[in-house]
Amino acid sequence: MTKTILRALAGETLPTPPIWMMRQAGRYLPEYRATRAQAGDFLSLCYNPELAAEVTLQPIRRYGFDAAILFADILLVPQALGADLWFVTGEGPRLSTITGADDLAKLGLVADIDEVLAPIYETVKILSRELPKETTLIGFAGAPWTVATYMIAGRGTKDQGPAHALMREHPEVFDALMARITEATIEYLSRQIDAGAEVVKIFDSWAGSLKGEAFTKYALEPTKQIIAALKARHPNTPIIAFPREAGDGYIGFAKATGADCVALDNSVSAEWAAANVQVDGCVQGNLASSHMVTGGQALVDDTKRIVKAFSNGPHIFNLGHGITPDADPDNVQRMIDAVREG
Ligand code: CP3
């Protein structure tokens, strides 16, 4: 019996959509906080295969999600390329910055990233042994643009200003950085698939700040390039693309990039996305993650509305973005019940 997520990704319309949740292993769960404390800090948790596998499994045990997503972070690739990376509690990631050709020259080679990333592949191997047989294992990486925004600014930024400035003022440095990340991402995802990831997802969290030609050049094209390289090596591994806040850019994105599924944020309506995006294949996402904090009837109503809007085509139920640390774990169960009750 093929796993439900793989059936949806192959284009099948299922009576009940399979479910998983972005950031399903995370700080809203007390068992996650306990394991992170045991590891010491977030990055030590990412690089500890036994404990990273443990936190990946926690939401599967608690809720029986149809997919598990590897516990890691998109910023491990810059670290493997030689960037300094640390996390400031309550604030977020910090990295060394890239402001010109000198910083770029200090980065390491793609050929050397697997030395740093080996523990991540080990986590994938443990998970492919330990997951329930009906649960799909999803690997992931950041898309080059989103990863570049962090590498250039050295932190998360509201409007990705520093990355846009480098693109404008030093296009040759910007393009070389994008090429390096693209190559590293192909290697990283390919090795995750070798280790047992059954699906991979490419997170372009900041795709929404690329407009017009820049969206095509820096969101669509790199994703297409990564997908083409992965499909050449692993033709049977489905790929989910998440060009977050792409708006009209979601239209035709799957066809243009070769993605098997497009993940949707919650700035577009499910009804619009059913008519404009799901016509090309599987879609995923769209429930506002704020419902996981506020709960109540609105959570149930919105969940059922999204399920209904996507009921005539392939659909994987998910949030529009990651669940936040202030979410109530009981609301996750309410969402799952609302999806499965139909
Ligand atoms: O979805 C999952 O459960 C898999 C694990 C995962 C994490 N990060 C764990 C994490 C995935 C897929 C990511 C992706 C990621 N990381 C993205 C793309 C998706 C998105 O959310 O837009 C981005 C932009 C990052 C970079 C990143 N990592 C930031 C900006 C932060 C700090 C913000 C925050 O929520 O604190 C992180 C930290 C991070 N990554 C945490 C987790 C569980 C929280 C760290 C902790 O436990 O203290």
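This is a predicted model: local features need pLDDT of at least 70, side-chain atom pairs count only at pLDDT 80 or more; totals for chains, interfaces and linings use all residues.

Residues are numbered from 1 along each chain as its sequence is written, and side-chain values use heavy atoms, with hydrogens and water left out.

Start with the sheet. Seven strands make an open sheet, ordered β1-β4-β5-β6-β7-β8-β9, and the pairing is parallel. Helices (H or I, at least four residues) and strands (E, at least two) are DSSP runs, numbered from the N terminus. Two strands pair if DSSP finds at least two bridges between them. Strands of a sheet pair through backbone hydrogen bonds, either parallel or antiparallel.

Now look at β4. Three bridges join β1 to β4, and the two run parallel. Ile-69 has Ile-138 of β4 as its bridge partner. On to the next pair: β4 (residues 136-142) and β5 (residues 199-204) are parallel over five bridges. Ile-138 has Val-199 of β5 as its bridge partner, and Gly-139 stands opposite Val-200 in β5. Helix α10 (residues 171-195) packs on the sheet and touches β4 and β5. Contact here means heavy atoms within 4.5 Å. The direction of α10 makes about 170 degrees with that of β4. Axes are lines fitted to C-alpha atoms, for helices over the stretch in contact, and angles run from 0 to 180 degrees between N-to-C directions.

How many residues of β4 are buried? Seven of its seven are, so the strand is mostly covered. Buried means under 20% relative accessible area, exposed over 50%, and partly exposed in between (1.4 Å probe, protein chains only). Thr-136, Ile-138, Phe-140 and Gly-142 point one way from β4. Leu-137, Gly-139 and Ala-141 point the other way.

Two further strands of the sheet hold buried residues. Leu-264 lies in β7 (residues 261-264) and is buried at 0% relative accessibility. Leu-264 and Gln-284 are 20 residues apart in sequence, yet their C-alpha atoms are 6.1 Å apart in space. Beyond four places in sequence, the contacts of Leu-264 include Phe-242, Tyr-250, Val-277, Phe-310 and Leu-319. His-315 lies in β9 (residues 315-316). His-315 is buried too, with a relative accessible area of 5%. Leaving aside residues up to four places away in sequence, His-315 touches Pro-17, Pro-18, Cys-282, Ile-306 and Phe-310, among others.

A hairpin comes next. Strands β2 (residues 85-88) and β3 (residues 92-95) pair in the antiparallel sense over four bridges. Trp-86 stands opposite Arg-94 in β3. Three residues lie between the two strands, and Gly-90 in the turn has a positive phi of about 80 degrees.

Then the helix pair. Helix α2 (residues 30-39) packs with helix α4 (residues 49-63) at an angle of about 170 degrees, their axes 10 Å apart. That makes α2 roughly antiparallel to α4. Angles under 35 degrees count as roughly parallel, over 145 as roughly antiparallel, 65 to 115 as roughly perpendicular and the rest as oblique. From α2, the contact residues include Pro-30, Tyr-32 and Thr-35; from α4, they include Leu-51, Val-55 and Arg-62.

Which residues of α2 are buried? They are Tyr-32, Thr-35 and Ala-39. Seen down the axis of α2, these fall within an arc of 70 degrees, so they line one face of the helix. The arc is that of the directions from the helix axis to the C-beta atoms. The buried residues pack against α3 (42-46) and α4. The face turned away from them carries the exposed Ala-37 and Gln-38. Gly-40 follows α2, with a positive phi near 110 degrees.

Most residues other than glycine have a negative phi, and most peptide bonds are trans. Gln-160 is not a glycine, but its phi is positive, about 55 degrees. Gln-160 sits in the loop between α8 (144-153) and α9 (161-169) and is buried at 2% relative accessibility. Glu-245 also has a positive phi, near 60 degrees. Glu-245 is in the loop between β6 (239-243) and α12 (253-257) and is partly exposed, with a relative accessible area of 42%.
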